[in-house]
Amino acid sequence: MLASTSRNVLKRVPKNTAVLSTRTECHGVHPMVFFRCQSTQQQVTANPAPRSGSSTIRNKPWSFVPDQTFQGTAPRSAMARYQYRSTGIANSAKAGSPDIFKMCKIMKQEGLQADILIYNNMLACVAEDCLVLEAWAIVEDMTSMGVAPDRQTFNHLIHASRRLQSTAMWDILEKMDAANIPPDGQTFQLMIQRFALGENLEFALQCIYEMGNRGLALELIVAQDVIRLAADLSFPRLALDLAVNFEASSVRRLSPETWMRCLASSAEVLYAEGVQRCWQKVVTELNLTPDEGLCLDVLHTAGRHGLSDLATDVIRVLRNIGADWQEHHFAPLIEALCNAGKLKDAFGTLDLMRSSNIFPIATTAQPIYAALKQDIDKVDSAWKLLDTLRSEGKTIDRTAINAIVRAAISLSDLQRAVGAYKAFPDYKCIPDIDTFNTLLSGCIAASHRELGDRLLLDLKELGIKPDATTYERIILLCITQAVYEDAFFYLEEMKAQKFVPPRRVYDAIIRTCIAAGDSRYTLALDEMKQCGYTVSNGLQQFIDSGGRESRPRSER
């Protein structure tokens with residue numbers, strides 16, 4: 001409608017009838033005014049309005065007469081007001097039982113009888129506070145007043161008894177069945193929430209299955225509770241299946257926290273498929289960032305199952321969240337690369353760590369050693385990978401060569417191990433204490449004392465200080481010889497360096513002395529006891545038998 005149809009303009013229209021009258025005389029048209037009265041429009045001929053200056057109005061605006069009989073806001077009855085008030089109390093954030101009971105007192109004073117809606121609102125208030133006795137009292141009152149309970153009534157009773165034993169809920173369900181009232185979606189969801197609160201996952205799943213058979217939809221909050229329960233109980237595959245099925249059958253999406261729970265549960269039990277799918281959902285689709293602890297769990301799963309791409313992406317996320325790269329971040333990455341058959345990338349990762357001021361240790365290259373020790377051909381092929389990396393301009397870390405040395409020793413190929421040791425200068429690397437300790441273990445297995453002495457000389461020339469493992473293996477190497485006097489010398493030197501000799505050293509010295517008839521075994525036995533070690537049953541039998549190993553019972 002035009003702006004000229006406002007009430008003030010309409011009031012001014014009759015005063016200018018001369019203008020309109022002149023217009024009608026010129027055009028021969030009689031203007032009509034329409035009024036609304038009793039749902040009909042009556043045509044009333046208006047007097048022509050005079051002209052105002054040079055402007056003319058071709059059509060007169062619409063005018064309406066108020067219709068007093070038209071239905072407006074009807075006054076509500078007293079019962080309707082109390083219904084509205086009780087619903088507001090029940091739906092309020094702070095559902096208060098006292099408020100609704102005060103309202104019922106006023107209704108009683110006015111002589112009003114509560115209906116099913118008001119009774120259910122009363123039950124909703126007491127159910128929120130878990131007032132079970134009051135809830136049943138309300139049901140008894142409504143029954144005595146001739147108001148039959150409906151499905152909502154029983155739902156409120158189930159909600160009120162959520163903190164009682166499950167027998168209370170089953171009694172309510174039996175009463176529903178006796179009243180021929182089948183449970184609806186809300187009934188099942190109240191049951192599921194109760195089971196989820198008590199960590200009863202089996203019954204919660206049974207209710208979900210029953211809802212599906214009845215064609216009832218599962219609410220988002222209830223679905224998230226069950227999924228989180230399955231994840232917390234270390235059932236990541238079940239939690240993931242529930243999450244995927246819910247989003248496939250519903251337009252609503254699960255919360256990011258729920259997917260993060262599924263990711264954490266999958267990573268905790270090293271469930272590879274769950275970790276991959278949840279990481280894709282959380283990081284790629286939802287654009288969320290896991291914390292460092294969860295990233296470490298994901299790295300361990302990736303390392304165990306050879307998911308090198310996933311491990312690389314986790315390293316990227318760690319950098320994005322501002323976490324400082326550490327050795328324990330790259331160790332699972334190397335394990336993932338090795339399990340995926342990418343030994344070249346695993347060797348290159350060691351160089352990346354060193355360039356990032358992260359120093360690899362022997363355990364960092366443990367996956368490389370585990371991959372190489374399977375076959376001697378893999379040990380030989382490792383040199384080709386190192387040569388390729390060197391030709392690409394990358395630095396070869398000594399931890400990589402140490403892994404090759406360990407693999408050769410594990411395969412009882414001392415010659416290849418010594419060859420790898422001599423190849424250190426070719427790759428511009430310097431051996432460390434782990435290199436010499438590994439070679440000494442090979443010397444012990446081969447009883448090669450001469451090679452062990454040469455290794456000790458090289459150790460001193462490089463200025464590397466022996467550690468407890470070095471002294472232990474030197475002593476064990478001396479014992480392998482017919483003349484083992486140097487074993488006592490290195491034992492004293494070991495104690496002079498403030499190293500406590502392990503039980504294995506004393507056990508080997510005592511057995512060697514007894515077998516050779518050397519009485520100095522008693523000194524070693526006393527020192528062993530002074531260090532706090534107990535004599536094992538096998539060693540005591542060896543001492544009592546005078547150096548003869550105890551035979552099995554079947555040979556006696």
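Biologist: How many helices and strands does the protein chain have?

Modeller: In this predicted model, the secondary structure of the protein chain comprises two strands and 29 helices. Of contacts between residues at least 6 apart in sequence, 65% join residues at least 24 apart. The count asked for is therefore 29 helices and two strands.

Biologist: What share of the 556 residues in the protein chain is buried, and is C262 buried or exposed?

Modeller: A residue counts as buried when its relative accessible area is under 20%. C262 has a relative accessible area of 1%, and C130, at 16% relative accessibility, also falls under that cut-off. C262 is therefore buried, and the buried share of the 556 residues is 42%.

Biologist: Are helices α27 and α29 roughly parallel or roughly antiparallel to each other?

Modeller: The axes of α27 (residues 503-515) and α29 (residues 537-544) come within 10 Å and cross at roughly 15°. Where they meet, D507, I510, R511 and I514 in α27 face G538, L539, F542 and I543 in α29 as contact partners, and the crossing is left-handed. Because angles under 35 degrees count as roughly parallel, α27 and α29 are roughly parallel.

Key: Residues numbered from 1 in each chain as written. Predicted model: local features only at pLDDT ≥ 70, side-chain atom pairs only at ≥ 80, totals over all residues. Heavy atoms only, no water. Helix = DSSP H or I, 4+ residues; strand = E, 2+ residues; numbered from the N terminus. Buried < 20%, exposed > 50% of the residue type's maximum accessible area, 1.4 Å probe, protein only. Contact = heavy atoms within 4.5 Å. Axes fitted to C-alpha atoms, helices over the stretch in contact; angles between N-to-C directions. Parallel < 35°, antiparallel > 145°, perpendicular 65-115°, else oblique. Left-handed = near helix turned anticlockwise from the far one by under 90°.
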